[in-house]
Amino acid sequence: MRASTFLVACGLALGLAGTPLPALAADEPLGIALEGFAYPYPVFYLALTRDGEAQRLAYMDVPAGGTPNGRTVLLLHGRNFPSSYWETVIAALTAAGYRVVAPDQLGFGKSSKPVGPFTFDTLAADTTALLDALGLPRVDVVAHSMGGMLAVRLARTAPERVNSLVLEAPIGLEDYRFTVPPVPTERLLRIEADVTADVYRRQLMASYSLSLPEAAIEPFVSLRERVKGSGEYPRWLRSFVNSYQMIWGQPVVHEIPLVRAPTLFVMGERDRNAPGRAFAPEPLRASMGDNAAHAQALAVRMPDGRAEVFPGIGHLVHMEAPSRFNATVLDFLDGH
């Protein structure tokens, strides 16, 4: 059952009469909820409250194509990406008979931008509220990067809702507090405010060890630059910085062996992403981000876990090796 009574608005790429919104110029400012930026499927909104303010959780809800199998996959995005980057994964899953729900967590993409502290418990509660609104008692979860940390917390706080779990290049496979000192929020705000398009582009390519050409990540660079033109950019910036503090200060690695749902780690061999590495003492930096090895070690400690490593691939596995990624995920899901 769709949550029509819970929808605040619907249709992102479509106007009220189904007319496509006019395309924006490549350098035209965007609102901090990416107003006017088209997603690959219609976007709906769930009303929530955070920090005493009314908020909107954006999500795509894409029906199964062909012969539906009665199952739904929940896609959880990473910190630097809107849920639109799941486009090829959604197409593969729906073609195989799965319904797909892909939210933007509060603070990201088209969702509202809270300014208070972030917690994985709150994000998990928001996600559970969305599943309740859509009448989905149990889902399979595919989660990338920061979404992997959220997926672990969701599987721990609401295990009855998670049938199986795919963790694509998750962060949080180590406790960053052991190597990275606390960084004051005001310092992070100054640093992030000074990030130019060139700096951000280099950060993505280098930190994620991408096998993709720069052109493939340009949409994400452009989005960040265009949001700077919004009058609410300071709110976006604080929300973005608060998500770093959550990642640093709320580790999930210690909980991963306790996850009972069948779990598949899909890792890029080259992925050495480690949030906060730049703040770590120089002697410790090289030891951070051995993500494929961490995933393999954690998988054997789980009741039902395994890891698959893609040679020559970095942090964006579903974009760097889309065919293999989709085939691997579908094989795992179909087996559970």
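At what angle do helix α5 and helix α6 pack, and how far apart are their axes? Before I answer, some housekeeping. This is a predicted model, in which local features need pLDDT of at least 70 and side-chain atom pairs count only at pLDDT 80 or more, while totals for chains, interfaces and linings use all residues. Residues are numbered from 1 along each chain as its sequence is written, and side-chain values use heavy atoms, with hydrogens and water left out.

Now the answer. Helix α5, residues 197–207, packs against helix α6, residues 214–227, at an angle of about 135°, and their axes are 10 Å apart. That makes α5 oblique to α6. Angles under 35 degrees count as roughly parallel, over 145 as roughly antiparallel, 65 to 115 as roughly perpendicular, and the rest as oblique. Axes are lines fitted to C-alpha atoms, for helices over the stretch in contact, and angles run from 0 to 180 degrees between N-to-C directions. The helices themselves are DSSP runs (H or I, at least four residues), numbered from the N terminus.

The crossing of α5 and α6 is right-handed, meaning that the near helix is turned clockwise from the far one by less than a right angle. On the α5 side, the contact (heavy atoms within 4.5 Å) is made by A197, Y200, R201, L204 and M205. On the α6 side it involves E214, I217, E218, F220, V221, R224 and E225. By class, this contact has 7 nonpolar, no polar and 5 charged residues. For the classes, Ala, Val, Leu, Ile, Met, Phe, Trp, Tyr, Cys and Pro count as nonpolar, Asp, Glu, Lys and Arg as charged, and the others, Gly among them, as polar.

A second pair is α4 and α7. Their axes come within 10 Å and cross at roughly 120°. That makes α4 oblique to α7. The crossing is right-handed. Residues making the contact include L188 and L189 of α4 and F240 and V241 of α7. The contact divides into 8 nonpolar, 3 polar and 3 charged residues.

On a 1 Å grid over the protein atoms alone, a cavity is a set of points where a 1.4 Å probe fits but cannot get out. A pocket is an open set with protein on both sides within 12 Å along at least five of seven lines, and lining residues have an atom within 4 Å of a point. Grid points are joined across faces, edges and corners, and a volume is the space filled by probe spheres set on the points.

The largest pocket has a volume of about 670 Å³. It is lined by 28 residues, with R79, Q203, S207, P275 and G276 nearest its centre. Helix α5 gives the most to this lining, 6 residues. The lining has 17 nonpolar, 6 polar and 5 charged residues.

The second largest pocket holds about 210 Å³. Among its lining residues are F37, Y39, A216 and F220. Here the largest share, 3 residues, comes from α6.

How many cavities of 30 Å³ or more are there? The count comes to 1. The largest cavity has about 230 Å³ of space, and its lining has 17 residues, of which N80, F81, P82, G109 and W236 lie nearest its centre. Again α6 supplies the largest share, 4 residues. The classes are 11 nonpolar, 3 polar and 3 charged.

Methods: Helices (H or I, at least four residues) and strands (E, at least two) are DSSP runs, numbered from the N terminus.
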